[in-house]
Amino acid sequence: MEPKEIIKPENLVYERPRLMLDAQMHYCPGCSHGVIHQLIAEVIDEMEMEEKTIGVAPVGCAVFAYNYIDIDWQEAAHGRAPALATAIKRLNPDKMVFTYQGDGDLAAIGTAETIHACNRGENIVIVFVNNAIYGMTGGQMAPTTLLDMPTATCPYGRNVELNGYPLKISDLLALLDGTCLVTRQAVHTAAAVRRAKKMLRKAFENSMAKKGTSIVEFVSTCASGWKMTPDAANKWMVENMFQKYPLGDLKNI
Amino acid sequence: MAEEIKLMKGNEAIAHAAIRYGTDGYFGYPITPQSEIMETLMEERPWETTGMVVLQAESEVSAINMVYGGAACGKRVMTSSSSPGISLKQEGISYMAGAELPALIVNVSRGGPGLGTIQPSQADYFQTVKGGGHGDYRLITLAPNSVQEMADHVALGFDLAFKYNNPAMILADGVIGQMMEKVVLPPQRPRKTEEEIRREQPWATLGKPAGRKRNVVTSLELDPARMEENNIRFQKKYRQIEENEVMFEELMCDDAEYLIVAFGSQARISQKSVEMAREEGIKVGLFRPITLWPFPSKRLLELSKYIKGILTVELNAGQMVEDVKLAVNCNIPVEYFGRLGGVVPTPDEVLENLRKMRKLRK
């Protein structure tokens, strides 16, 4: 096919989602955040909810999420996003409210806010990006860091005696009566991206149907933090991360 | 609800005034001696009348961050706590100052440091008026001295917070929170509609209509030049507040040779001491700062030209006395008297210290 043919609108198979801003991303090559952002933008657009959606950005690599998705945003203190989202949703029950949080934000410093927002069954969506490392601050140990996995603060690998075990926070959240959907997804293949998007949409629909809290965990790569190429990071994730954090629905009611 | 006269505790007055102001949300965590605020709200069930949200959070940290979330929607939201809980809230208060969010925080303070005591104290003065959390910011601080002012300062605090897009604090203490007095409650005001908020708080995150740029509420700015600009803007605002919003009360100051400077519950006790001193022929007046920040420095400097000395009376080890000394430029003697750890002085003790100071300064 000639280039002239290819660029015809009827041949368009993929474009930047309408709600993604034309901004240069700060994420590293191979990082999962970009794809997850894109899915959120697409779902909000497809649900025609952009005028009613409020996102809460975390502290961590996604702190600048508000530079990429064209909706109203609040920037939370580290770990506090579910508290902000609780108030936003309670004060504006007709809005669609979600938090976007990393593993340190959600499962370390913000554990109390996460568990109690879920336990109250707040009608919000929690997007949880688990890459088992603190990316923004330079690759320190996260609550979800795998055993023997080296990071800047466990350079000889995560050690049980010193650091305890990787925290399977989603399993814990699935036990709470306030959650209606807890699912673990990834965005490393086209098929996985499609599945993840479906579950993300379900989560947002749940929040508007007042079904309780929905958590979509994305088991993700951090090629820079893991000190791997993007391709090697994807393979390492499949071989190691998926063993500890298997994909699928932990709860879907 | 029309205007009503009731007998109640200071804490209860806060709750009733909050409902009547048209507050959108209260988020709190129980702690003595202020738990009646949330208890009263839960008993009143304002969600059935005005639509006000009342929520018991899992911690003070969470409660203040719920306030951040609500405030960033342009809503009238508040929290309350007592000293140890207010320490936990400092993170959120600093973020709100940095994001220029209006909200009302009530501190019915108790003795510290640490878990301290549940008895009244004014030892959070420094924490409140000098910062508390990290960064260069100021908190508009109101110091009620009666149950009536507990009620009145809810509206005043919210109005100032929204006038300047800055958090405001009511700094009371266990005496004012727990004592019962007659109070005139204001008539019910309607809550702001979403349309009103969108008009009056165009920065509010209520969802982005087509045609407007997205609203982002954040305290983050990594470019130092822009962060400096932000800080300069904050400082300009603080100077404006200092210029326009100072409030104080003077009792028998016209012919006074000496002044007692006291706020909150200590102003009430000192008022009695002033009356007793006057009976003895000591010409003393009471100067009561109502705003602790902005502090009434200008007026104190003016008064210092006509008086021989000042005694501050505080439920702490001498905190406001520093601001009084700064205000009067040390051109007259400034002494301090106070009790610590939850002990409240009697009017006689205050009078005794006034006599002592007078003897020294005659």
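Which residues point one way from E3(A), which point the other way, and are they buried or exposed? In this predicted model, Met96(A), Phe98(A), Tyr100(A) and Gly102(A) point one way from E3(A). Val97(A), Thr99(A) and Gln101(A) point the other way. All are buried. Strand E3(A) spans residues 96-102 and is mostly covered, with 7 of its 7 residues buried.

Strand E3(A) has two pairing partners described here. It pairs with E1(A) in the parallel sense, over 4 bridges. Within that pairing, Thr53(A) stands opposite Met96(A). Strand E4(A), residues 125-130, also pairs with E3(A) in the parallel sense, over 5 bridges. Here Tyr100(A) has Val127(A) as its bridge partner.

The contact between the chains was examined next. In total, 29 residues of chain A are in contact with 32 residues of chain B. On the chain A side, strand E1 (53-57), strand E2 (72-75), helix H3 (81-91) and helix H5 (111-119) each supply at least two residues. The largest share comes from H3(A), with 8 residues. By class, this side of chain A has 14 nonpolar, 5 polar and 10 charged residues. Strand pairing also crosses between the chains. E2(A) is joined to strand E9 of chain B (residues 216-217) by 2 bridges, and the two strands run parallel. Gln74(A) stands opposite Val217(B) in this pairing.

Chain B is divided into domain 1 (4-194) and domain 2 (249-361). The centres of the two domains, taken over C-alpha atoms, are separated by 27 Å. Contact between them involves 25 residues of domain 1 and 20 residues of domain 2. On the domain 1 side, helix H5 (125-129), strand E6 (140-142), strand E7 (167-173) and helix H7 (174-178) of chain B each supply at least two residues. H5(B) gives the most, with 4 residues. The class counts for this side of domain 1 are 14 nonpolar, 8 polar and 3 charged residues.

Within chain B, helix H2 (residues 36-44) has several buried positions. Glu36(B), Ile37(B), Met38(B), Thr40(B) and Leu41(B) are buried in H2(B). In general, an α-helix has 3.6 residues a turn, so residues three or four places apart point the same way. The buried residues of H2(B) pack against strands E1 (4-9), E2 (25-28), E3 (53-56), E4 (77-81) and E5 (103-109) of chain B, and against helix H1 (10-21) of chain B. Just after H2(B), Arg45(B) takes a positive phi of about 50°.

The largest nonpolar core holds 182 residues. The members that touch the most other members are Leu84(A), Val127(A), Val67(B), Ala103(B), Leu259(B) and Ile260(B). The largest share of this core, 8 residues, comes from helix H6 of chain B (residues 147-164). Domain 1 and domain 2 of chain B both give residues to the core, so the core lies between them. Val127(A), listed among these members, is also the bridge partner of Tyr100(A) in E4(A). For Ile260(B), neighbours within four places in sequence were left aside. Its remaining contacts are Ser270(B), Ser273(B), Val274(B), Val284(B), Leu286(B), Leu311(B), Val313(B) and Leu354(B).

Conventions:
Residues are numbered from 1 along each chain as its sequence is written. Chains are lettered from A and ligands numbered from 1 in the order in which they are written. This is a predicted model: local features need pLDDT of at least 70, side-chain atom pairs count only at pLDDT 80 or more; totals for chains, interfaces and linings use all residues. Domain bounds come from an automatic or database domain assignment. Two residues are in contact if their C-beta atoms, placed from the backbone, lie within 7 Å. Ala, Val, Leu, Ile, Met, Phe, Trp, Tyr, Cys and Pro count as nonpolar, Asp, Glu, Lys and Arg as charged, and the others, Gly among them, as polar. Two strands pair if DSSP finds at least two bridges between them. A residue is buried if 20 or more other C-beta atoms lie within 10 Å of its own, exposed if 12 or fewer, and partly exposed in between; C-beta atoms are placed from the backbone. A nonpolar core is a set of buried Ala, Val, Leu, Ile, Met, Phe, Trp, Tyr and Cys residues joined through C-beta atoms within 7 Å.
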